[in-house]
Amino acid sequence: MINYVEVGIIGDFVPDLPSHIATVEALKHTADSLSISLRTSWIPTPSLANSSVGNKLMSFHGLWGAPGDYISMAGALNAIKFAREKGRPFIGTWAGFQHALLEYARNVLDIEDAEHEETSPNAPNLLISKLSCSLVNMDQTIKIQPDSLFFQTYGQHEVTERFVWNYGLNSKFKDTILNKSLKISGIDQDGEVRAIEETNHPFYIGTLYQPQLSSSPDKPHPLIVSYLEAALDFLKTTKTLDH
C-alpha cells in the first residue's frame with residue numbers, strides 16, 4: 001500500500017542552481033510541516049519527449065514544472081499536458097509557468113506555432129517574450145485576484161514575491177490565452193500577468209515568480225502548502241478507488 005506522496009519534478013536537475021536547490025528544500029520542509037511522507041523525483045525532459053510519457057508519470061500524485069532551462073521543450077510540454085488533462089495537482093514556477101502557457105496555447109487554443117523568445121527569437125508568434133524591465137533577483141508586489149484559488153490560499157490582496165527571470169507572457173496574447181478556463185490569478189502594478197490557474201482542474205497553477213525562494217521551515221510558502229495538500233488528496237482518492 002502506498003503511504004507517501006510522490007512528486008515528480010519536471011526538469012533537468014542542476015546541482016548548484018539555487019532555484020533547483022530551493023525547490024527540493026521547500027518541498028521537504030513543507031511536507032515535514034504537514035507531517036506528510038514525501039518522495040521527490042527529478043524527471044529529465046528528454047525522457048518525456050516520446051509517446052510513453054503517460055507511463056512515466058502515472059505513479060506521481062503531483063507534478064512540478066521546475067524553474068530553469070529545459071533541455072527538451074517537447075518533453076516539458078508533454079508532461080504539463082499530462083498534468084492538465086489527467087487531473088494531477090500541478091505547480092509551474094518560472095519556466096514551468098512559461099511552458100504551461102505554451103502548452104495551453106498550442107493544445108487548447110490551437111496556436112501551434114506559439115514559441116518562446118529565448119529559444120526561438122525569430123518566430124512569428126512569440127507567446128513568451130522578453131520583459132520590458134528585468135526581474136532578475138527582484139522582489140515585486142503582486143495583486144491577487146479576489147475570485148481566485150490564489151486569494152483563498154494567500155488570504156490577502158497583495159503579496160511580495162521574488163523573481164529571477166527576464167521572460168513572461170507577451171502582453172498582446174493576454175486576452176487570447178486567458179479567455180477560457182485558464183484565468184489570471186495575479187498581476188503586477190502595471191497589469192502584467194504573473195500568476196495563472198486552471199479553473200477546471202483540482203489544482204493547476206503557474207507563477208512567473210518562485211515561491212520556493214521565500215519558503216522556509218518555520219514559514220512554508222502557502223502555495224506550496226496548498227499544492228502538497230492537493231497531492232495528498234489525490235493520493236487518498238487513488239487509494240479509495242483502489243479499494
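Predicted model: local features only at pLDDT ≥ 70, side-chain atom pairs only at ≥ 80, totals over all residues.
Residues are numbered from 1 along each chain as its sequence is written, and side-chain values use heavy atoms, with hydrogens and water left out.

The second largest pocket contains about 200 Å³ of space, and its lining includes Y154, Q156, S214, K219 and H221. Strand β8 (residues 158–163) gives the most to this lining, with three residues. A pocket here is an open set of points on a 1 Å grid over the protein atoms alone, where a 1.4 Å probe fits, with protein on both sides within 12 Å along at least five of seven lines; lining residues have an atom within 4 Å of a point. Points are joined across faces, edges and corners, and the volume is the space filled by probe spheres set on them. Strands (E, at least two residues) and helices (H or I, at least four) are DSSP runs, numbered from the N terminus.

Turning to the rings, the count comes to six aromatic pairs, a pair being rings of Phe, Tyr and Trp (its six-membered ring) with centres within 6.5 Å, and with planes under 30 degrees apart called stacked, over 60 edge-to-face and the rest tilted. One of them joins F13 and W42, a tilted pair at 4.9 Å centre to centre with 45° between the planes. This pair links distant parts of the chain, since F13 lies in the loop between β1 (5–10) and α1 (18–33) and W42 in strand β2 (residues 38–43), 29 residues apart. F13 counts as partly exposed because its relative accessibility is 41%, and W42 likewise at 21%, where buried means under 20% relative accessible area, exposed over 50% and partly exposed in between (1.4 Å probe, protein chains only).

The rings of F203 and Y227 have centres 6.0 Å apart and planes at 50°, so this pair is tilted.
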